[in-house]
Amino acid sequence: MVINFNLMNKEVKVFLVAFLVSGGLYAALMSVGKLKDKGEFSLGEFLITFLLWGMFQGFLFVWIFRRSKKMDDGKNELK
């Protein structure tokens with residue numbers, strides 16, 4: 001029995017890029033806005049925003065990637 005440990009398929013790459021870019025950018029923009037308004041920076045709030053928004057965007061981008069892949073393969077049935 002051969003087990004393939006290739007974890008870096010295209011879906012994982014799409015998730016990681018969306019997670020890091022979207023989560024980081026959104027958290028940075030929210031932190032800059034709060035720093036400008038209230039003059040304070042919360043590392044905990046930054047990390048929570050980064051993780052939650054990054055996971056949401058990561059899963060959304062993987063879902064869109066899978067859906068577009070199905071449509072490209074000729075399976076135009078959207079279920």
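## The residue after the first helix

Just after helix α1, G39 takes a positive phi of about 75°, where a helix is a DSSP run of H or I at least four residues long, a strand is a run of E at least two long, and both are numbered from the N terminus. This is a predicted model, in which local features need pLDDT of at least 70 and side-chain atom pairs count only at pLDDT 80 or more, while totals for chains, interfaces and linings use all residues. Residues are numbered from 1 along each chain as its sequence is written, and side-chain values use heavy atoms, with hydrogens and water left out.

## Overall layout

The protein has two helices and zero strands. Buried residues make up 15% of its 79 residues; buried means under 20% relative accessible area, exposed means over 50%, and partly exposed lies in between, with a 1.4 Å probe and protein chains only.

Contacts also describe how the chain is arranged, a contact being heavy atoms within 4.5 Å. Among contacts between residues at least 6 apart in sequence, 68% join residues at least 24 apart. The protein exposes about 6,600 Å², and carbon and sulfur atoms supply 67% of that area, the areas coming from the Shrake-Rupley method with a 1.4 Å probe and, for residues, with only the protein chains shown counting as cover.

## Helix α1 and its buried residues

Helix α1 has 29 residues and reaches 41 Å from its first C-alpha to its last, close to the 42 Å expected at 1.5 Å a residue; the expected span is 1.5 Å times one less than the number of residues. Its buried residues are A18, F19, S22, G23, G24, A27 and S31, and they pack against α2.

S22, placed in helix α1, has a relative accessible area of 17% and is therefore buried. Leaving aside its neighbours within four places in sequence, S22 is in contact with V17, W53 and Q57.

## Aromatic rings

The structure holds seven aromatic pairs, in which rings of Phe, Tyr and Trp (its six-membered ring) have their centres within 6.5 Å, with planes under 30 degrees apart counted as stacked, over 60 as edge-to-face and the rest as tilted. The rings of F46 and F50 have centres 6.5 Å apart and planes at 5°, so this pair is stacked. These two residues are four residues apart in helix α2, and are therefore separated by about one helical turn. F46 counts as partly exposed because its relative accessibility is 21%, whereas F50, at 16%, counts as buried.

For W53 and F56, the ring centres are 5.5 Å apart and the planes are at 45°, so the pair is tilted. Both residues lie in helix α2, three residues apart, which is about one turn of the helix. An α-helix has 3.6 residues a turn, so residues three or four places apart point the same way. W53 is partly exposed at 30% relative accessibility, and F56 is partly exposed at 45%.

L25, Y26, L29, M30, W53 and F56 make a nonpolar surface patch of about 580 Å². Patches are made of residues with over 30% relative accessible area and no salt bridge, like charges being joined within 9 Å and nonpolar side chains (Val, Leu, Ile, Met, Phe, Trp, Tyr) within 5 Å. The elements that give two or more residues to this nonpolar patch are α1 (10–38) and α2 (43–72), and α1 gives the most, with four residues. L25 is found in helix α1 and has a relative accessible area of 52%, so this residue is exposed.

## Salt bridges

A search of the whole structure finds two salt bridges, each being a side-chain nitrogen of Lys or Arg within 4 Å of a carboxyl oxygen of Asp or Glu. One is formed by E11 and R66, whose closest N and O atoms are 3.0 Å apart. This pair links distant parts of the chain, with E11 in helix α1 and R66 in helix α2, 55 residues apart. E11 is partly exposed at 22% relative accessibility, and R66 is partly exposed at 45%.

E45 forms a salt bridge with K34, and their closest N and O atoms are 2.8 Å apart. Because E45 lies in helix α2 and K34 in helix α1, the pair ties together parts that are eleven residues apart in sequence. E45 counts as partly exposed at 38% relative accessibility, and K34 also counts as partly exposed, at 21%.
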